[in-house]
Amino acid sequence: MNTGDRPGLRPRSATLRRAGRQAAAAVVFCALFASPALAEQGMVIWKNHECGCFILQMKSGYGIFEWIDGPQPNDGDVLEGDFRSAGERLVANKTIDLPTTILLNAFALTRGAIAARMPAKCKKLPGYIPFEGR
């Protein structure tokens, strides 16, 4: 085939190479920007190991979580993961560099709103120290 007679046509191999480069660039772009969107960091600002709950302060608000498995988070621990989805989640405890499984009980935008949603099982315990919603 003589492509010199038809200036608009390219050899088939050149077209496939170009398509392959575009596909590879799309995969790299998706890989760079898809994963970090789910990861969020927060700091434990209240915990009660007896009832298994803790409060995490994030940029997007506050969450009450129940500890399921792994090391229990302590005050000041920094956790990283997907905190807004329902169900059990495996998150990274960046302070001790170990994974922990947690369950979202409640989410609120303010301290006062999250304090009002403290689980009854925590409030019933002797010696319960409430989370201040100020």
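Student: How do β3 and strand β6 pair, and over how many bridges?
Tutor: They pair in the antiparallel sense, over 7 bridges. β6 covers residues 98–108. Keep in mind that this is a predicted model.

Student: Which residue in β6 is the bridge partner of Glu66?
Tutor: Leu103.

Student: And how many bridges join β3 to strand β2?
Tutor: 6 bridges. β2 is residues 53–58 and β3 is residues 61–69. Those two run antiparallel.

Student: How many residues sit between β2 and β3?
Tutor: There are 2, and the two strands form a hairpin. For a pair to look at, take Ile55: its bridge partner in β3 is Ile64.

Student: Zooming out. How many helices and strands does the protein have?
Tutor: 3 helices and 6 strands.

Student: New topic. How many disulfides does a search of the whole structure find?
Tutor: It finds 1. The disulfide joins Cys51 to Cys122, with 1.9 Å from S to S.

Student: What does that pair tie together?
Tutor: Parts that are 71 residues apart in sequence, because Cys51 lies in the loop between β1 (40–48) and β2, while Cys122 is in helix α3 (residues 120–123).

Student: Which hand does the link have?
Tutor: The link of Cys51 and Cys122 is right-handed, with 80° about the S-S bond.

Student: Are those two cysteines buried or exposed?
Tutor: Both Cys51 and Cys122 are buried.

Student: What is the relative accessible area of Cys53?
Tutor: 2%, so Cys53 is buried.

Student: Back to the whole protein. What share of its residues counts as buried?
Tutor: 27% of the 134 residues.

Student: Last one. What share of contacts with a separation of 6 or more comes from residues 24 or more positions apart?
Tutor: They account for 49% of those contacts.

Notes
Residues numbered from 1 in each chain as written. Predicted model: local features only at pLDDT ≥ 70, side-chain atom pairs only at ≥ 80, totals over all residues. Heavy atoms only, no water. Pairing = 2+ DSSP bridges. Helix = DSSP H or I, 4+ residues; strand = E, 2+ residues; numbered from the N terminus. Buried < 20%, exposed > 50% of the residue type's maximum accessible area, 1.4 Å probe, protein only. Contact = heavy atoms within 4.5 Å. Disulfide = S-S within 2.5 Å.
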